[in-house]
Amino acid sequence: MGQQRQREITHMAVVQFRYSNIYDMNLAKWSDAVWQYENELQGKQYAPDLQDRWQTHEDLILKALDQYGFSFPPKVIAYIVTAWPGITAFSDPLTIPLYENQETALVKTIHELIHVALSYKKNHLLKEKIFVSIKSVFPDESYTTQLHIAVNLLQELITSKIPELYPLLADEKQVSEERYPGQQKAWKILAKISKVAEIEDPVDFLTRLNRAKTK
């Protein structure tokens, strides 16, 4: 809760969206695409617009993670990049392609932010406890699917608190297995073993999956 008190005092966003032309140029090379100055103009306009939208939800999102027992870094830079072919949102460095619908960008940011929380050193023991449980129940699934059982559950619980974003999860649940390996399988597993609306403590749920699976 100390981090929350600090946010109230400073009024500074923890997640800070930024456009970096150097980063965007290198991703363009990775995608065999051609970076142009117009990409910088678009990125520098998009980042502050998305920042404004994000800050209307950030306290709710971080309070939820805090309530679920997760610590969080004091600052996270979220890089806005051109939606180059083959480039998807990812968590380290936190990278969000320039989605035409900024609400989609917010949903993607929530997803990747959960990855950031799970990878944060102060959450190491909590992540290990969760992952050991998931792996013991679904040993034959890929690491990506096992990981996304946790990430997707947390994403749905948090996004369900934001009425204008929650409907977009329907598209998330239909993600391409080729583009986002393991994610769709994780959504299907969660649908079979849980009713998300009934889950009050996701960490308790994830660490007691044997119980949940047999109900």
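Predicted model: local features only at pLDDT ≥ 70, side-chain atom pairs only at ≥ 80, totals over all residues.
Q: What is the mean pLDDT of the protein?
A: pLDDT is the predictor's confidence in each residue, from 0 to 100. Here 93% of the residues reach 70 or more. The mean pLDDT is 91.

Q: Which element gives the largest share of the lining of the largest cavity?
A: The largest cavity holds about 40 Å³ of space. Two elements give two or more residues to its lining: α6 (124–137) and α7 (143–159). The largest share is four residues, and the element is α6.

Q: How many residues of the lining of the largest cavity are nonpolar?
A: The lining includes Leu118, Phe131, Gln146 and Lys127. One lining residue is polar and one is charged. The nonpolar residues number six.

Q: Is His115 buried or exposed?
A: His115 sits in helix α5 (residues 102–119). Its relative accessible area is 11%. Buried means under 20%, so His115 is buried.

Q: Which side chain joins that of His115 in a polar contact of 3.2 Å?
A: The side chain of His115 also makes a polar contact with the side chain of His111, at 3.3 Å. The polar contact of 3.2 Å is with the side chain of His148.

Key
Residues numbered from 1 in each chain as written. Heavy atoms only, no water. 1 Å grid on protein atoms, 1.4 Å probe; cavity = no way out; pocket = protein on both sides within 12 Å on 5 of 7 lines; lining within 4 Å. Points joined across faces, edges and corners; volume = space filled by probe spheres on them. Nonpolar A, V, L, I, M, F, W, Y, C, P; charged D, E, K, R; others polar. Buried < 20%, exposed > 50% of the residue type's maximum accessible area, 1.4 Å probe, protein only. Polar contact = N/O pair within 3.5 Å; in protein donor to acceptor, adjacent residues only side chain to side chain.
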